[in-house]
Amino acid sequence: MTLSALLTTALVALSSGSALAVCVSGFVRDSGGNGIRSVDIDFFDVRTGAKLITPNDNTDVLGFYNICVLPGVYYMAFDPPIGTRFMGKQVFGIDLSSNQSIELNVTLASGLVVSGTVRDAGGNPIFTDIDADSVAGGRVHLSNDFSDSLTAQYWIVVPAGQYRFRFDPPVGSRSRGLQLDSVTIDADTTIDLTLPDGLILSGHVTSLAGGIPIPRVSIDLRHLATGLKIYLANDKTDTTGFYTVAAPPGQYELRFSPPTGTRFIAFRDDTLTFQGDMSYDVSLREGVLVTVQATDSSSQPVGGVDIDFKLVSTGEKIFTPGDVTNVSGTTTVAVAPDTYDIELDPPLGLPVGPLEVKGVTIDSDTTLSFVLPDQPRILLSGRVIDSAGSPLAEIEISIRSTLTGAKAILSNNTTASDGAFAVASPVGLQDIYFAASHKSHLVGNRISAVNLGVDTSLGDITLESGHLVTIEARDQHGRPFIGLDYDFLTANTPTEIFTPWDKSDSDGVAWVSLPTGAFDLRTTYPGAWVDRMVWEDLSINSDTSIVLALSRSDGSLIVQDFFLYQNYPNPFIGETIVSYMILVPGNVSVEIYNVLGQLVVTLADRYHPAGVYHVPWGGRNGSGDRTASGVYFVNLRLSTHSETKKLVLLK
């Protein structure tokens with residue numbers, strides 16, 4: 001029977017059912033023209049990606065198929081049976097919206113077989129979903145892309161090439177997903193795998209307003225020490241906002257990235273300690289949508305431009321996933337209303353340079369259009385390693401002009417997993433900086449006055465391990481200083497140590513890494529104080545915490561040993577709280593005196609580590625007897641310094 005006759009028969013049979021359906025018919029053959037039997041054929045809606053239910057959707061012994069669906073636009077997948085050498089195929093743009101049935105013949109090419117077994121840590125077969133990405137670019141369509149939960153076996157067929165394979169266990173499994181990078185397939189290959197066990201991290205992602213579940217939020221984990229990204233299977237929230245992933249123990253940066261185009265602001269926690277199964281719920285606030293359009297001087301769109309938003313108040317770069325322009329030169333991100341410095345960095349190889357726009361206030365949905373300047377740049381490359389010679393990933397590279405201090409806008413300015421970097425640098429005399437992640441023990445490195453005129457390789461750059469110094473700055477009322485900049489100079493010379501992350505955050509705290517040695521500490525604060533030396537010959541030989549007390553009253557800097565706060569309530573009936581902050585550890589006494597200067601009671605008399613303390617006083621003397629109403633004084637003494645506050649007791 002001819003194809004036309006078969007198609008006519010199918011249409012006649014269909015007429016007794018739904019007259020709205022249309023059919024796709026044809027043969028699936030190999031490269032020799034032979035029909036392939038038992039090829040599974042599926043339809044997918046191009047708008048939603050939903051798979052249609054299509055009974056009898058396999059080819060017969062001649063390779064013929066006939067499938068009828070409702071009018072629409074689809075793509076089709078042709079998947080040969082497992083155990084063959086045929087590669088599956090996808091055909092896009094199947095337009096059936098005009099109610100016209102079509103004939104579609106397909107040829108399946110032969111490929112190379114990648115097969116093996118997948119088991120869990122106990123040696124048991126485990127179902128896994130398998131994906132393959134060509135290193136040359138693009139996801140490869142795999143037929144039978146799973147391992148069998150009974151036999152542990154899998155069988156996929158790919159063309160010769162280099163691949164990244166992913167093996168994902170079921171949602172909720174304690175087995176960790178596994179990613180194999182740069183696997184060369186030039187012949188039939190056997191790969192047997194064991195998926196290691198992990199700890200379970202799970203939780204719900206909801207909106208801050210209303211607690212509505214947010215689906216399709218991506219979850220990422222990155223090692224704090226190295227910046228390396230942990231491969232996570234099933235790394236997106238479901239329709240209820242729930243996620244569950246398996247990962248090894250460690251200290252991580254945890255990222256939640258909502259779907260592109262939503263108003264939800266991405267969230268990042270860079271202090272996650274993961275030592276056992278744990279639940280981590282997060283609520284995402286809604287912000288405003290900022291669409292950025294990047295063009296060159298000829299008004300042509302520039303794709304691949306990396307967009308960074310930095311808070312003017314602190315200089316902090318906020319986490320904005322999806323902040324790279326597409327081929328039309330646009331991207332959209334969600335940010336909180338605020339004032340930002342915006343940096344645009346085009347990819348290497350384009351005849352345009354970076355752009356920085358300062359002080360952009362964003363308080364509603366907005367579109368920002370930028371023209372990138374014509375500017376020559378050269379390729380600056382190298383590798384960053386630790387003192388043992390091991391590569392360091394996620395090290396940030398920044399460049400400033402030696403003459404003007406102007407900072408270059410760089411894209412892809414972090415090292416890869418092998419420590420390598422390649423950035424497009426402006427020409428001229430430049431200072432080059434290498435910074436590890438926030439709160440890392442790795443000491444930053446700076447190479448000064450490098451004359452860049454041609455493509456340059458810096459070779460291996462070493463970051464030494466140092467000591468993490470935590471600095472907290474507060475005023476005489478206990479309020480934090482935000483955006484306070486710290487500079488450390490070697491004690492015997494005026495040489496400044498490069499210390500990334502050396503500005504205090506919203507809690508008045510900064511973390512810097514320093515080598516062993518003696519340093520002078522200098523602070524700079526916008527507007528009020530410039531280059532004030534607050535600590536000389538500070539010895540650093542281990543992880544250290546420093547608390548600074550700065551006066552806001554007259555613009556001077558004061559380094560104090562403690563703060564005594566006014567008791568609360570005052571006046572009081574019954575009980576009041578005496579609070580104080582100790583900045584330099586030592587023996588502290590806190591005593592209550594009457595108006596005659598007589599000691600009433602000692603509230604504290606002991607060694608105090610640095611910190612904030614709260615001590616109650618219920619109006620009783622050292623013998624436990626109630627004292628008379630009236631005026632009393634609380635005196636705090638540390639070493640040779642003391643401070644007194646007045647208390648009023650009422651009956």
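Which residues lie nearest the centre of the second largest pocket?

View 1. The model is predicted: local features need pLDDT of at least 70 and side-chain atom pairs count only at pLDDT 80 or more, whereas totals for chains, interfaces and linings use all residues. Residues are numbered from 1 along each chain as its sequence is written, and side-chain values use heavy atoms, with hydrogens and water left out. R164, R166, Q179, K229 and Y231 lie nearest the centre of the pocket, among the 34 residues that line it. At least two lining residues come from each of β13 (161–168), β14 (178–185), β18 (218–223), β19 (229–230) and β21 (250–257). Strands are DSSP runs (E, at least two residues), numbered from the N terminus. By class, the lining holds 13 nonpolar, nine polar and twelve charged residues. Here Ala, Val, Leu, Ile, Met, Phe, Trp, Tyr, Cys and Pro count as nonpolar, Asp, Glu, Lys and Arg as charged, and the others as polar. A pocket is an open set of points on a 1 Å grid over the protein atoms alone, with protein on both sides within 12 Å along at least five of seven lines; in a cavity, a 1.4 Å probe fits but cannot get out, and lining residues have an atom within 4 Å of a point. A volume is the space filled by probe spheres set on the points.

**View 2. The largest cavity has a volume of about 90 Å³.** The whole structure contains four cavities of 30 Å³ or more. Residues D308, K310, K317, E343, E396, I397, S398, K407, A408, I409, L410 and N413 form the lining of the largest cavity.

**View 3. The largest nonpolar core has 25 residues.** V290, F309, V335, Y340, I342, L344 and I362 touch the most other members of this core. Two or more residues come from each of β25 (288–295), β26, β27 (330–335), β28 (338–345), β29 (355–362) and β30 (366–371). The largest share, five residues, belongs to β25. A nonpolar core is a set of buried Ala, Val, Leu, Ile, Met, Phe, Trp, Tyr and Cys residues joined through side-chain atoms within 4.5 Å. Buried means under 20% relative accessible area, exposed over 50%, and partly exposed in between (1.4 Å probe, protein chains only).

**View 4. Strand β17 (residues 199–207) is largely enclosed by the rest of the structure, because eight of its nine residues are buried.** Antiparallel to β17 runs β20 (residues 242–247), joined to it by six bridges; in this pairing S202 has T244 as its bridge partner. Two strands pair if DSSP finds at least two bridges between them. Strand β23 (residues 278–279) runs parallel to β17 and is joined to it by two bridges, with L201 opposite M278. Three bridges link β17 to β24 (residues 282–284), also in the parallel sense, and here S207 stands opposite L284.

**View 5. Four strands, in the order β47-β46-β49-β50, form an open antiparallel sheet.** The edges are β47 (599–608) and β50 (641–649); each has a single partner strand, so one side of each is left without a neighbour in the sheet. Antiparallel strands β49 (residues 630–638) and β50 are joined by nine bridges. Across this pair, R637 stands opposite S642 of β50.

**View 6. An open antiparallel sheet has three strands in the order β32-β34-β35.** At its edges, β32 and β35 (445–452) each pair on one side only. Six bridges join β34 (residues 428–435) to β35 in the antiparallel sense, and I432 stands opposite I447 of β35.

**View 7. Y568 and P569 are joined by a cis peptide bond, with omega about -5°.** P569 lies in the loop between β44 (562–564) and β45 (576–582). The peptide bond from N570 to P571 is cis, with omega near 0°, and P571 is found in the loop between β44 and β45. Most residues other than glycine have a negative phi, and most peptide bonds are trans.

**View 8. S38, which is not a glycine, has a positive phi of about 60°.** S38 lies in the loop between β1 (22–29) and β2 (40–45) and is partly exposed, with a relative accessible area of 32%. E394, not a glycine, has a positive phi of about 60°. E394 is placed in the loop between β31 (377–386) and β32; its relative accessible area of 28% makes it partly exposed.
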